[in-house]
Amino acid sequence: MAYKRRYTDTSKGINSFALITVSDSAVFRNIPNGTYKDAITGDVKEVKNGTLNVTVSGKGNLRVYVLDLSGNPAPGKIGEDGPFLKP
């Protein structure tokens, strides 16, 4: 399963864009160019051609690449490695 989500609220200054894939690799096309940071592993990918390839191995694995925007920076890795959060 893979999908894109964008959320904006101009009154609160919110502008976010995330690419999510669960249990399988995905290719995201026609996305904004820029820097994407994975909230799970902290991996950083630079998109220059509107396409991002994301590799995920095994059931239940998740990647959430967030577009790093001016004024709304991507969070990067949101937790510590452990039994349920692995790079």
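The following legends describe close-up views of a predicted model. Local features require pLDDT of at least 70 and side-chain atom pairs count only at pLDDT 80 or more, while totals for chains, interfaces and linings use all residues. Residues are numbered from 1 along each chain as its sequence is written, and side-chain values use heavy atoms, with hydrogens and water left out.

**View 1. The largest nonpolar core comprises twelve residues.** The members are F17, L19, A26, F28, I31, Y36, V47, L52, V54, V56, Y65 and L67. A nonpolar core is a set of buried Ala, Val, Leu, Ile, Met, Phe, Trp, Tyr and Cys residues joined through side-chain atoms within 4.5 Å. Buried denotes under 20% relative accessible area, exposed over 50%, and partly exposed the range in between (1.4 Å probe, protein chains only). Strands are DSSP runs (E, at least two residues), numbered from the N terminus.

View 2. Neighbours within four places in sequence are left aside here. L19 is in contact (heavy atoms within 4.5 Å) with Y3, K4, F28, I31, Y36, L52, R63, V64 and Y65. A second, separate core has seven residues, among them A18, A39, I40 and V66.

**View 3. The salt bridge between K37 and D68.** The structure holds three salt bridges, each defined by a side-chain nitrogen of Lys or Arg within 4 Å of a carboxyl oxygen of Asp or Glu. For K37 and D68, the N to O distance is 3.6 Å. This pair connects distant parts of the chain, 31 residues apart: K37 belongs to strand β4 (residues 34-38), and D68 to the segment after β7. K37 counts as partly exposed because its relative accessibility is 23%; D68, at 28%, is likewise partly exposed.

**View 4. The salt bridge between R63 and D38.** The closest N and O atoms of the two side chains lie 3.7 Å apart. R63 in strand β7 and D38 in strand β4 are separated by 25 residues, so that the pair links distant parts of the chain. R63 is buried, with a relative accessible area of 13%, and D38 counts as buried at 0% relative accessibility.

**View 5. The salt bridge between D43 and K45.** The side chains meet at 3.4 Å, N to O. D43 counts as partly exposed at 30% relative accessibility, and K45 counts as partly exposed at 27%.

Terms used. Helices (H or I, at least four residues) and strands (E, at least two) are DSSP runs, numbered from the N terminus.
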